[in-house]
Amino acid sequence: MTTINKNKPVAVTGATGYLAGWIVKKLLDEGLTVHAAVRNPDKKEKTKHLEEMATNSKGEIKFFRADLLSEGSYDEAMKDCELVIHTASPFFLNVKDPQKDLVDPALNGTRNVLNSVNRTESVKRVVLTSSCAAIYGDNIDIQKAPNQTLTEDIWNTTSNLKHQAYSYSKTMAEKEAWKMKEAQNRWDLVVMNPCFILGPATNPHANGESLNFIKQMGDGTMKFGAPPFHMGMVDVRDVAEAHFKGGFTPSASGRHILKGKEASVLDLANMLRPNYGDKYPLPKSELPKFMVWLMAPMVGMKRKEVKRTLGYPWRADNSKSINELGMKYRPLETTINDFFGQMVEEGVI
Ligand code: NAP
């Protein structure tokens, strides 16, 4: 049981990120002080929306310069904090050098952040943003899980530097966090394992995989058909709420699968069609798997990933998040329409 004092500041790593924007907003709206750790606090295009949020809320924000690859750089941001929310990690599906671009910042970054936690006597709890990617690698893995359903007991054993390197980076980072938690007894660790995150952004002009995906729904990339890809999806606002609850629920512990609903890319297009079908080239059907397999290298996908993921169903048990954290998930129709609607309104699509 760990009780966090709401009068103490909360440190958030990667505060400029898509998910972190909503976590920061939730903390500020609750009247808390946020220590926002960001790579470059001078880049106003990355921090302006957070400053505006603070102005319009009961809370306060302070920015700190920190980089995952720089040991000790999070010390200052954690000063006086009882709660640290560690979201920072590179999320890119296509990279040149997976070790340098993904694994080093995710793994060494988690180590650096937790070394700062170890040096900061006030910290009692760390909430870590892991991912369902640390639970499974490709959809075919789910077929081998008990009841063909992912649970918090399962770990990704199929990803590596050459295959699903992002998932590998998240698996390595979460494992390291558990190892460092076990090596001491001052702070506890609560891990969030969201599946694919969708929903409006606090900074809609930023880049990121979730934002890239929604842009592709509307820019014609899928006008000849959607890949037969099924995945778990969750609203970014719900994921932020789960991080907040994970921080302030004294009994919270362990991993938490965060999932609103499983759906295919075509299901998402069908949810958008009534509002946007006449103006945007949403996919109307699914491409055959062999065609995606053939075209894969041309669209930046790997044939092995296509083979092991497309056409397989996706299932995960989110009951722990509901029972332990009291999570209520928004309907996916709301999430996807709010997200697409925001992109249209902002002129991004
Ligand atoms: P995002 O918008 O790209 O945010 C990533 C954050 O990490 C940014 O603030 C980025 O800072 C920071 N970062 C990256 N490299 C860094 C470095 N070397 N030093 C310091 N900060 C660094 O991605 P997101 O979707 O919000 O992801 C946030 C977290 O959720 C990640 O841990 C990701 O693995 C996890 N997650 C995401 C999804 C999803 O579907 N989006 C699903 C499951 C889990 P800059 O702004 O300076 O680049």
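A: Start with the ligand. In this predicted model, α1, α6 (165–182) and β7 (196–198) each supply at least two residues of the shell around the ligand. That shell counts 25 residues, and the closest are T16, R39, T87, Y166 and K170. Sorted by class, twelve are nonpolar, nine are polar and four are charged.

A backbone N or O atom of Y18 lies 2.9 Å from an oxygen atom of the ligand. At T87, a polar backbone atom is 2.8 Å from a ligand oxygen. K170 uses its side chain: an N or O atom there is 2.8 Å from an oxygen atom of the ligand. On its own, the ligand exposes 890 Å², and the protein buries 91% of that.

Next, follow α1 back to the strand. Helix α1 spans residues 18–29 and forms a right-handed β-α-β unit with β1 and β2. Strand β1 covers residues 10–13.

Look at the two sides of β1. In a regular strand the side chains alternate between the two faces of the sheet. In β1, V10 and V12 are on one side, with A11 and T13 on the other. All four are buried, so both faces of the strand are covered.

Finally, the partners. β1 pairs with β2 (residues 33–38) in the parallel sense, over four bridges. Here V12 stands opposite A36. β1 also pairs with β4 (residues 83–86), again parallel and over four bridges. In that pairing, T13 stands opposite H86.

Conventions: Residues numbered from 1 in each chain as written. Predicted model: local features only at pLDDT ≥ 70, side-chain atom pairs only at ≥ 80, totals over all residues. Heavy atoms only, no water. Buried < 20%, exposed > 50% of the residue type's maximum accessible area, 1.4 Å probe, protein only. Pairing = 2+ DSSP bridges. Right-handed = clockwise from strand over helix to strand, strands pointing away. Near = heavy atom within 4 Å. Polar contact = N/O pair within 3.5 Å; in protein donor to acceptor, adjacent residues only side chain to side chain. Areas by Shrake-Rupley, 256 points an atom, 1.4 Å probe, with all protein chains shown as cover. Nonpolar A, V, L, I, M, F, W, Y, C, P; charged D, E, K, R; others polar.
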